[in-house]
Amino acid sequence: MSSRAGGRQSMSELKLRRLLEHNQRLREDLARPRVKISEASSSLIRYCKNTKDHLVPSVWGPVTRAEDPYGHQGGGCQCCSVQ
């Protein structure tokens, strides 16, 4: 019978420890700095309007080879050859 009471006590301690850890995580989450949705969305819109995205030519127009960071650079790299 004493082993059973000891098992209950350890289960209670385990549950208490889990609740305390969960409570601590919730406190940390609550302390995290927040940004209002309106501020975040306006910041995102401002960034999208001011930053040219070469992968969306329908918005920014065609990209010249000199401007294209994803295109072939043509630096004379001879890393591959077909024989």
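I looked up confidence to begin with: the mean pLDDT (the predictor's confidence in each residue, from 0 to 100) of the protein is 82, and 78% of its residues reach 70 or more. This is a predicted model, where local features need pLDDT of at least 70, side-chain atom pairs count only at pLDDT 80 or more, and totals for chains, interfaces and linings use all residues. Residues are numbered from 1 along each chain as its sequence is written, and side-chain values use heavy atoms, with hydrogens and water left out.

I then went through the elements.

Next I checked burial. Of the 83 residues, 1% count as buried (under 20% relative accessible area; exposed is over 50%, partly exposed in between, with a 1.4 Å probe and protein chains only).

I looked for salt bridges (a side-chain nitrogen of Lys or Arg within 4 Å of a carboxyl oxygen of Asp or Glu) and noted two. Asp 29 pairs with Arg 32, closest N and O atoms 2.5 Å apart, and with Arg 34 at 3.5 Å. The three residues are linked in a network. Asp 29 is partly exposed at 30%, as is Arg 32 at 48%, while Arg 34 is exposed at 58%.

Last, I looked at Thr 64, which is in the segment after helix H3 (57-60). Thr 64 counts as partly exposed because its relative accessibility is 43%.

Conventions:
Helices (H or I, at least four residues) and strands (E, at least two) are DSSP runs, numbered from the N terminus.
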